[in-house]
Amino acid sequence: MASNEVSSGAIPRRTVLAAGLAPLVVPRHVLGGPGYQAPSDTLAIAAAGIGGMGRIYLDGCKAERIVALCDLDWTRPTTQGVFEKFPAATRYRDFRRMFDKEEKNFDAFIMAAPDHWHAILLMQAIQMKKHIYGAKPVAHSIGEVRKVRQALEANPKLITKASIQDSRTSYARATTELLLSGAIGPVREVHVWTAHPIYPCNVLRPTEIQTPPEGLDWDLWVGPAPFHPYHKAYHPEIWRAWWDFGTGDVGDMACHTLHTFFEELELGAPKVVYGCSSTRTDVYNTPVDTAETEGYANTVVWEFAARGNLPPLNLYWYDGGIKPSRPAELDHSVALPREGVLFVGEKGKLLAGYYGGNPFQPFGRAAAGAQPRGLPGGLLLPEGRFKDFQQPPPALARVEKADHYTEWIRCAREGRPTCLPIEFASRLTELALVGTLALRTRKVLEWDTAAMRVTNEASANQFVEPAYREPWKLPVL
Amino acid sequence: MKTEESSKPGGTAAGVSRRGMAAGAVAAMIVPRHVLGRPYQAPSDKLNIAAVGVAGMGRNYLAGCKDENVVALCDLDWERSARVFDTYPTAKRYRDFRQMFDQEEKNFDALIIAPPDHWHYYLLMSGLKMNKHLYCAKPITHSIAEARKVKAGVLASKVVTKASIQDSRTSYARATTELLLSGAIGAVREVHLWTGTYSPSGLARPSGVETPPAGMDWDMWCGPAPFRPFSRIYHPEHWRPWWDFGTGTVGDFGCHTLQMYHDELEMGAPDWVVGVGSQAFSPAGRVDNTECMSIANTVQWHIPARGNKPAMMAYFYDGGLTPPRPESMPAEVPMPGGGIMFVGAKGVQVSAFYGGNPWTPFGSQPRPGVQVRGLPGGWLLPESQFKDFQQPAPTLARCEKPDHYTEWVRSCKAGKKSITPIEFACGLTEFALLGTLALRRYGMPAPPPANGTGDGGGAGAARGRREAKVLLWDSQAMRITNDEAADALVNPPHRAPWEI
């Protein structure tokens with residue numbers, strides 16, 4: 001845990017902002033300072049979905065008592081490794097059985113199943129009044145996301161955190177603080193680009209019959225999603241590109257960058273969204289319709305009307321290696337980083353790391369061979385205009401990456417909110433999922449946030465809250 | 001051949017004061033080099049034509065010249081070219097163009113060149129040496145240096161040439177040029193071009209052993225390019241995404257759209273270019289496709305200020321990617337699947353990729369239920385600002401698409417320049433090939449970081465990392481000045497014995 005760096009240096013944020021940015025995120029709590037002593041008791045944790053990212057989450061909580069572990073596929077070496085690492089934990093294949101047997105034995109729940117399972121698992125954990133660490137995106141559909149958010153708001157004593165590991169770190173905060181300094185003026189465009197997806201995309205539904213790994217209940221793996229017979233094209237690991245199970249790269253990765261500017265730029269209610277995806281061509285110029293998966297490269301544009309005194313803004317997403325237009329004023333010796341964010345303001349531009357921080361010092365570390373350039377929060381353009389501009393002193397609360405998991409543990413024990421509750425991540429998730437509507441329909445969509453529906457294209461609304469496959473239901477609280 | 005529109009009474013009298021309205025935006029018009037459409041009398045003699053590469057696009061080129069005397073046909077793959085041979089039963093058949101040139105040089109006047117891109121240069125130079133009229137597939141060459149040498153060679157010769165840019169100088173393409181020259185949208189700051197991708201792409205070099213079609217000399221097919229073992233992923237048809245043989249979608253399609261505005265917007269000397277492409281993965285991991293174009297690609301060229309024209313960016317998108325919609329585009333209108341978007345200081349012009357209105361490509365009738373917006377040359381935005389704006393009267397010389405091939409034949413016979421001569425297409429080719437070069441450079445993995453730390457995205461994303469390095473282009477010196485690997489692609493060597 002980093003020290004509480006709420007500064008008395010008082011950057012005059014609001015006044016510098018001209019047409020201004022959103023109200024600042026007010027730190028909801030004072031984080032533990034250097035004088036902090038861990039309580040002697042440990043948290044009892046159960047986890048569902050441990051062979052993928054779940055093993056990383058568990059490793060971050062390994063000082064606690066891991067009492068129960070659940071995964072459908074016990075054949076994966078990763079799953080076996082987790083079982084061996086936590087030998088005292090009872091092992092389950094079916095989360096329902098785990099919850100039946102163990103409900104009284106654990107305080108906190110780690111949720112790391114594929115996206116189509118998130119909402120059901122989260123709602124059950126909320127019903128059982130467990131603290132939750134959950135993988136982003138918060139859920140698979142916008143309807144689910146809102147129900148989870150409502151349930152969490154009704155249960156403020158449950159301490160939750162989302163798996164946005166860079167959020168609230170010094171480097172992420174530095175970018176937010178540089179943005180809030182008003183240096184680049186009111187923001188008109190934000191471009192974000194990631195080097196994911198890193199799994200097969202633009203693929204066709206497999207037709208060959210394959211046998212699931214031994215002991216894997218494939219019907220349960222599919223769960224509330226439309227049923228498709230087992231195939232390695234989905235499991236392990238590579239389900240994200242399939243819209244029935246995953247949410248594409250924008251669902252997977254957008255939360256990892258939105259956290260640095262989503263609230264500050266008031267991005268909760270896009271008006272219009274559209275996108276495009278790479279298409280596949282087979283021999284003899286035959287187009288292959290791979291609409292059941294995302295493309296290897298995808299772009300999304302969300303258009304926002306004026307919000308309060310913030311002018312209209314467009315948010316642009318690029319993935320799969322595609323990047324935004326290179327700013328003419330960027331020094332020729334500088335390549336656009338592989339992943340990044342470019343804020344275009346009325347008075348300048350800010351090039352930042354995708355996860356926050358300086359684009360040439362990802363995660364706050366200097367990249368090998370890269371020349372230091374710009375400020376901790378990013379590179380201001382044109383460089384000449386900003387050569388005397390200083391990084392604002394730290395004003396926002398920090399939680400460093402090394403403390404990401406332990407902060408959740410500590411907050412759960414102390415009964416105070418984390419720096420990154422799932423309610424917050426649900427808002428980022430919703431924006432990302434509105435983007436998936438555009439990619440799935442390939443239309444220009446007008447989005448009514450209050451009504452939670454697309455107003456100009458009925459076909460898009462089937463994806464807003466798809467029905468579950470029988471017998472699965474989202475628990476109602 | 002259609003009439004010379006500018007000679008029509010009233011052709012310019014409609015008074016589109018182009019230069020004045022263009023407000024410094026648009027280049028000087030192309031002055032028609034010759035008067036087309038004189039009362040034409042067919043000479044009794046026919047043009048004697050030989051062709052190299054007849055089974056692909058060559059088949060169409062020959063069909064366009066079918067009333068002439070097709071004397072010799074050459075193709076490495078006779079399985080595939082059988083039906084073309086059958087169409088011209090009196091033509092002698094060859095596998096090796098050297099043999100054809102030896103035996104037939106005195107028997108033909110004009111040469112049609114339609115093999116894959118990596119062969120164009122050698123054949124063009126051979127044709128020039130024999131003093132033959134030339135019809136050549138675009139892109140004119142595989143490398144920028146080749147394009148410059150061909151241009152010099154063509155300009156120094158008296159032969160009549162034409163490039164396979166079938167839509168160039170048609171009424172619809174001219175309408176787009178004339179609308180741009182009208183100055184309606186003011187000084188052009190951005191040009192966006194987008195089109196689909198037409199072959200399997202994003203592939204690793206095939207590893208299996210395959211047998212070429214019977215009688216096909218595969219080593220000769222590779223010719224001046226690096227040798228690769230035969231695979232049907234290259235031949236027939238699918239060599240274009242493979243950098244050693246083709247020039248990618250940007251090389252394949254660039255000329256087809258640049259013909260309308262490359263000269264008008266003075267796009268001849270970009271000072272930098274950068275390209276990026278999508279990644280590809282199999283269940284086993286990243287596909288190492290350094291030799292093959294990605295399935296989706298973008299290129300960005302920067303063109304510095306020219307005279308009173310401001311600096312301009314050009315963007316290319318393929319494989320399903322489209323440019324961002326301009327703010328003034330009504331939400332109910334889908335972005336066309338391919339097209340051109342000129343962004344000017346005073347408005348936006350959206351046109352079909354090959355010219356004309358986006359909803360009536362190739363001058364066609366709109367499909368049932370499709371609402372046509374805008375003018376014959378394109379759609380001007382914001383609509384409200386241009387609701388009274390009229391398509392300028394036709395002033396540029398036209399050659400309609402059905403006359404594309406016959407215009408070359410006629411020009412050969414008359415000894416006058418065709419309407420789309422190869423030296424013109426060399427300029428377009430060079431611009432497109434700068435894009436090809438940027439995409440090839442992007443495909444070269446950067447060295448892994450020395451300290452082993454990734455910059456995000458996990459181990460999978462860290463492997464095969466690519467760098468969107470900006471490539472500085474010195475057009476006059478014909479050099480990439482800041483990157484040796486990219487500069488080596490400007491004038492790559494030819495495999496022996498195919499050096500010239």
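## Two domains in chain B

The domain assignment of chain B gives domain 1, covering 43–166 + 415–426, and domain 2, covering 171–403 + 429–487; such bounds come from an automatic or database domain assignment. Taken over C-alpha atoms, the centres of domain 1 of chain B and domain 2 of chain B are 26 Å apart. The contact between them takes 30 residues from domain 1 of chain B and 41 residues from domain 2 of chain B, where contact means heavy atoms within 4.5 Å.

Before going further, a word on the model. This is a predicted model, in which local features need pLDDT of at least 70 and side-chain atom pairs count only at pLDDT 80 or more, while totals for chains, interfaces and linings use all residues. Residues are numbered from 1 along each chain as its sequence is written, chains are lettered from A and ligands numbered from 1 in the order in which they are written, and side-chain values use heavy atoms, with hydrogens and water left out.

Domain 1 of chain B and domain 2 of chain B bury about 3,000 Å² between them, with 62% of it on carbon and sulfur atoms. Buried area here is the accessible area (1.4 Å probe) that two parts lose on being put together, summed over both. In domain 1 of chain B, the residues that lose the most area to domain 2 of chain B are Leu76(B), Ile144(B) and Arg148(B), together 21% of what that side buries.

Four salt bridges cross the interface of domain 1 of chain B and domain 2 of chain B, a salt bridge being a side-chain nitrogen of Lys or Arg within 4 Å of a carboxyl oxygen of Asp or Glu. Side chains of opposite charge can pair when their charged atoms come close. Arg148(B) and Glu430(B) meet in a salt bridge, at 2.7 Å from N to O.

Which elements give two or more residues to the side of domain 1 of chain B that touches domain 2 of chain B? They are helix H3 (78–87), helix H4 (97–104), helix H5 (117–129), helix H6 (144–155) and helix H11 (422–442) of chain B. H6(B) gives the most, with four residues. Helices (H or I, at least four residues) and strands (E, at least two) are DSSP runs, numbered from the N terminus. By class, this side of domain 1 of chain B has 14 nonpolar, six polar and 10 charged residues. Ala, Val, Leu, Ile, Met, Phe, Trp, Tyr, Cys and Pro count as nonpolar, Asp, Glu, Lys and Arg as charged, and the others, Gly among them, as polar.

## Where chain A meets chain B

Now for the two chains: 43 residues of chain A are in contact with 50 residues of chain B. The area buried between chain A and chain B is about 3,700 Å², and carbon and sulfur atoms give 60% of it. Tyr296(A), His332(A) and Arg338(A) supply 17% of the area that chain A buries against chain B, more than any other three residues.

How many salt bridges are there between chain A and chain B? The count is zero. Strand E8 (272–277) and strand E9 (280–282) of chain A each supply at least two residues of the side of chain A that touches chain B. The largest share of that side, three residues, comes from E8(A). In classes, the side of chain A that touches chain B has 24 nonpolar, 12 polar and seven charged residues.

## Chain A as a whole

Chain A has 12 helices and 17 strands. Its C-alpha atoms fill a box of roughly 70 × 65 × 45 Å, taken along the principal axes.

## Some local details

Most residues other than glycine have a negative phi, and most peptide bonds are trans. The peptide bond from Leu381(B) to Pro382(B) is cis, with omega near -5°, and Pro382(B) lies in the loop between strand E15 (379–381) and helix H10 (404–414) of chain B. Met452(A) is not a glycine, yet has a positive phi of about 55°.
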